[in-house]
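The sequence and structure come first.

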Amino acid sequence: MDNNTIYHIAERVGVSPSTVSRALSGRGYCGQKTKTKILAVAKELNYAPDSAAQTLKMRLTKKIIFAVPDICNPFYFDMINGINQVLEEHGYLLILIYTKHSLKEELRAIQNLKEKVADGMIMVSFNFMEDNIGAINALQSPVVLTNKYVSPEGADRFDYVYADTYLGIKLGAEHLIAQGVARIGYIGGSNAEQTGYQRFCGFRDALDLAGLPVRMDYVAESDYTENGGYETAKAWLQRAELPEAIVAANDLMAIGVMKACEEAALRIPEDIAIVGMDNLDIASRVYPKLTSVSLNQEEIGRRAAQVLMDRLLGKPREKGEIRIQPRLVVRHSSIRPG
């Protein structure tokens, strides 16, 4: 029998439907002896609550949106795993929205939350700015960003959990500088966007602190894809003077650089040392193994989901950033001979 209701259970036990409701929900008083009988009969009748009715009554969807700019980047797979670890504990489902690195699509994801498609959202963007932040601050539902953002006027209504990518790129560049490398190239995202500029600043500041010039002819803006790194490096490798090392703002671009070096018969790290960031699983499977900065993306997802659930459950929580410390994982691709 799979269409039983609390009325069927009430009739079997000999109590009122409201008593059954209190026993099953755990809200309100119900004697332990009666509750035990009710739970036993509910199990016998294979009772399942009407989730649609519960949603209507509680105005909850039991769903969370995860908005990402690139569904092809394995970086987000680990974040999803971390998010789901928390959501499953609370009976929540994850809705993945692909925003295609587009402000228009990000605003559409925010509108979905406004229309109560889900109860809250975790959002990744390469460029948080006035347009998308203003729309987020106008929401009544909780949102957690995975970049740090503080509006000039303050009073932001969202939380953020983020990895310090500025420091991550700085660590990668400093690792090369410590080996005596002076001519270092950098491939990042758009400097007109928040994420791209933060990462470039990490590279620039590492060189400045070491008293090394930033060779702008060996600084390129790309798109965080393997092909983007490949095409940039391929163009650089046509020149007479090559960089001694290249820092890429993520592992996919770094692997593209490695492909271009292989085609040009350049040895890694003997001819060109390479450092990436994200520490994807593939970083330890390519040859030579890729030095990369770990951003602990699974931890970002887990912590972001926990903050979001605390907000939804009304748990007391002070506003404040959660900053994940990056960690350099040194492998063969960056170790200069001698």
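## Lining of the second largest pocket

By class, the lining of the second largest pocket comprises 11 nonpolar, nine polar and four charged residues. Here Ala, Val, Leu, Ile, Met, Phe, Trp, Tyr, Cys and Pro count as nonpolar, Asp, Glu, Lys and Arg as charged, and the others, Gly among them, as polar. The model is predicted: local features need pLDDT of at least 70 and side-chain atom pairs pLDDT 80 or more, while totals for chains, interfaces and linings use all residues. Residues are numbered from 1 along each chain as its sequence is written, and side-chain values use heavy atoms, with hydrogens and water left out.

The second largest pocket has a volume of about 400 Å³. Of the 24 residues that line this pocket, Thr146, Asn147, Ala163, Thr165 and Arg199 are the closest to its centre. A pocket is an open set of points on a 1 Å grid over the protein atoms alone, where a 1.4 Å probe fits, with protein on both sides within 12 Å along at least five of seven lines; lining residues have an atom within 4 Å of a point. Its volume is the space filled by probe spheres set on the points, which are joined across faces, edges and corners.

At least two lining residues come from each of α5 (75–89), β5 (159–163), α8 (165–177) and α9 (194–209). The most are given by α9, with four residues. Helices (H or I, at least four residues) and strands (E, at least two) are DSSP runs, numbered from the N terminus.

## The parallel sheet

β5 also belongs to an open sheet of six strands, ordered β2-β1-β3-β4-β5-β11 and paired in parallel. Strands pair if DSSP finds at least two bridges between them. The edge strands, each pairing on one side only, are β2 (93–98) and β11 (322–324). Neighbouring strands are turned by 20 degrees against each other on average, direction ignored.

Three bridges join β5 and β11 in the parallel sense, and Val161 stands opposite Ile322 in β11. Helix α12 (297–312) lies across β1 (63–68), β3 (120–123), β4 (143–145), β5 and β11, running at about 170 degrees to β5. Angles run from 0 to 180 degrees between N-to-C directions, and axes are lines fitted to C-alpha atoms, for helices over the stretch in contact; contact means heavy atoms within 4.5 Å.

## The mixed sheet

Another open sheet of six strands has the order β7-β6-β8-β9-β10-β12, with mixed pairing. Its edge strands are β7 (219–221) and β12 (327–329), and the twist averages 15 degrees from one strand to the next.

Strands β6 (184–188) and β8 (245–248) pair in the parallel sense over four bridges. Ile187 stands opposite Ala248 in β8. Helix α10 (226–236) packs on this sheet and touches β6, β7 and β8, with its direction at about 150 degrees to that of β6.

## Helices α2 and α3

The axes of α2 (17–25) and α3 (32–44) come within 9 Å and cross at roughly 85 degrees. The two helices are therefore roughly perpendicular, a term for angles of 65 to 115 degrees. Thr19, Val20, Ala23 and Leu24 of α2 meet Thr34, Lys35, Ile38, Leu39 and Ala42 of α3. These contact residues divide into six nonpolar, two polar and one charged.

## Backbone details

Most residues other than glycine have a negative phi, and most peptide bonds are trans. The bond from Ile268 to Pro269 is cis, with omega near 10 degrees; Pro269 lies in the loop between α11 (251–263) and β9 (273–278). The bond from Tyr287 to Pro288 is also cis, with omega near -10 degrees, and Pro288 is in the loop between β9 and β10 (291–294). Tyr224 has a positive phi, near 70 degrees, and sits in the loop between β7 and α10.

Note on methods
Angles under 35 degrees count as roughly parallel, over 145 as roughly antiparallel, 65 to 115 as roughly perpendicular and the rest as oblique.
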